[in-house]
Amino acid sequence: MSKADPASSKKERNKTIRWVVTIFLVTIVISGIISLISDEVMQHSSIFVAFVILLTIILIGIVFDIIGMAVASADEKPFHSMAARKVPGAQVAIRLLRNAERVSSICNDVVGDICGVISGSASATIAAEILTKMEFGWPQLITLLMSALCAGLTVGGKAIGKTFAVNSATTIVHGVAKLIYWLDNVPGLFYIKKRKK
């Protein structure tokens with residue numbers, strides 16, 4: 001065994017720990033901010049608008065689940081060919097695939113779980129809003145129906161999305177990569193490029 005192995009193993013372990021801690025903190029912050037905003041908006045919206053917000057949150061979760069699955073399923077080879085032809089987004093796609101574990105973790109676990117928690121909270125808010133406007137003999141039924149609807153849409157949407165992601169992985173990854181490439185090249189959007197000396 002090489003003497004460098006223990007050091008390399010320790011470095012990799014520390015890198016993993018930093019990643020887990022970062023994801024933990026980012027998830028708490030993002031979840032808290034989005035929950036606060038969605039609760040405030042939904043409490044001051046009509047039931048129709050609240051439903052639209054709920055469906056949007058569920059859709060975001062499904063879309064990111066599709067992206068995470070596509071990145072985990074896609075083959076890197078087609079993108080090397082695209083990169084050789086200077087196709088926009090090809091290099092970004094290669095970076096995404098080489099970091100597939102982290103990309104999938106962010107898309108499926110962080111964004112997906114946040115959307116799941118927030119959609120559950122949103123469905124409870126809508127149920128409470130319906131009960132304040134209408135009288136029911138069994139109010140628990142409304143809460144039960146809203147929870148079932150939310151769960152059904154989420155699980156059903158992700159099931160369909162996973163099939164689509166596996167069958168169209170290359171197209172999806174390239175589409176996401178092109179979007180990232182385009183955003184990265186919008187002057188001043190994320191950073192100010194260094195001036196050439």
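Predicted model: local features only at pLDDT ≥ 70, side-chain atom pairs only at ≥ 80, totals over all residues.
Residues are numbered from 1 along each chain as its sequence is written, and side-chain values use heavy atoms, with hydrogens and water left out.

The protein chain exposes about 13100 Å², and carbon and sulfur atoms supply 67% of that (Shrake-Rupley method, 1.4 Å probe; for residues, only the protein chains shown count as cover). Of the 197 residues, 31% count as buried, meaning under 20% relative accessible area; exposed is over 50%, and partly exposed is in between.

Next, select K11, K15, R18 and R102, which form a positive surface patch. Patch members have over 30% relative accessible area and no salt bridge, with like charges joined within 9 Å and nonpolar side chains (Val, Leu, Ile, Met, Phe, Trp, Tyr) within 5 Å. A salt bridge here is a side-chain nitrogen of Lys or Arg within 4 Å of a carboxyl oxygen of Asp or Glu. Lys and Arg count as positive, Asp and Glu as negative, and His and the chain ends are not counted; each charge is placed at NZ of Lys, CZ of Arg, CG of Asp or CD of Glu. Helix α1 (residues 4-43) gives the most to this patch, with three residues. Click on R18, in α1: R18 counts as exposed because its relative accessible area is 52%.

I30 sits in helix α1 and is partly exposed, at 34%.

Time to go inside. Select D65 in helix α2 (residues 47-73); D65 is buried, at 5%. Beyond its neighbours within four places in sequence, D65 is in contact with C107, N108, K158 and K162, where contact means heavy atoms within 4.5 Å.

Last stop: helix α4 (residues 90-98), whose buried residues are A90, V92, A93, I94, L96 and L97. Show α2, α3 (77-84), α5 (100-133) and α7 (169-184) too, as the buried residues of α4 pack against them.

Definitions and conventions: Helix = DSSP H or I, 4+ residues; strand = E, 2+ residues; numbered from the N terminus. Buried < 20%, exposed > 50% of the residue type's maximum accessible area, 1.4 Å probe, protein only.
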